Amino acid sequence: MVATFKLSSEQLSSQGHYDYGMRAVSSVINAAGIIKRQEPDLDEYKLLLRALRDVNVPKFLRDDIPLFENIILDLFPGIEKPEIDRSPLD
């Protein structure tokens, strides 16, 4: 998780609303806890990957999302993107 934030701070555009400090770490840990309670059998790497995406992607600018996805691919090689059932939102 720390490597993700470090690389993001180095490679993504500089925006005032981007946060890679302890507040961001806390948000990802909280999101991971919620996901773990909802899906207790989810693989730990997929759990972290989903929490990182759920917390960070909504705040990124469109141009930064592919860069973030490439960081994720580099740090989580071979881990498939977890499928998320968003049907309650439809």
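D43 is found in the loop that runs between helix α2 (22–38) and helix α3, where helices are DSSP runs of H or I with at least four residues, strands are runs of E with at least two, and both are numbered from the N terminus. The model is a predicted one, in which local features need pLDDT of at least 70 and side-chain atom pairs count only at pLDDT 80 or more, whereas totals for chains, interfaces and linings use all residues. Residues are numbered from 1 along each chain as its sequence is written, and side-chain values use heavy atoms, with hydrogens and water left out.

With a relative accessibility of 37%, D43 counts as partly exposed, a class that lies between buried (under 20% relative accessible area) and exposed (over 50%), as computed with a 1.4 Å probe and protein chains only. Although D43 and D19 are 24 residues apart along the chain, their C-alpha atoms are separated by 26 Å.

The protein chain as a whole contains four helices and zero strands, which follow one another along the sequence in the pattern α-α-α-α. Its radius of gyration is 13 Å, close to the 12 Å that the globule rule gives for 90 residues, so the protein chain is as compact as a globular protein of that length; the radius is taken over C-alpha atoms, and the rule is 2.2 Å times the number of residues to the power 0.38. The C-alpha trace spans about 35 × 30 × 25 Å along its principal axes, and buried residues make up 31% of the 90 residues. Of the contacts (heavy atoms within 4.5 Å) with a separation of 6 or more, 63% are between residues 24 or more positions apart.

Two further residues illustrate the details of the model. R53 belongs to helix α3 (residues 44–56) and, at 13% relative accessibility, counts as buried. The side chain of R53 is joined to that of E69 by a polar contact of 2.6 Å, the term denoting a pair of N or O atoms within 3.5 Å of which, within protein, one must be able to donate a hydrogen and the other to accept it, while residues adjacent in sequence count only if both atoms are side-chain atoms.

K59, by comparison, is placed in the loop between α3 and α4 (64–75). When residues up to four places away in sequence are not counted, K59 touches H17, Y18 and D19. K59 and D19 are 40 residues apart in sequence and 9.5 Å apart in space, C-alpha to C-alpha, and the side chain of K59 reaches the backbone oxygen of D19 at 3.3 Å.
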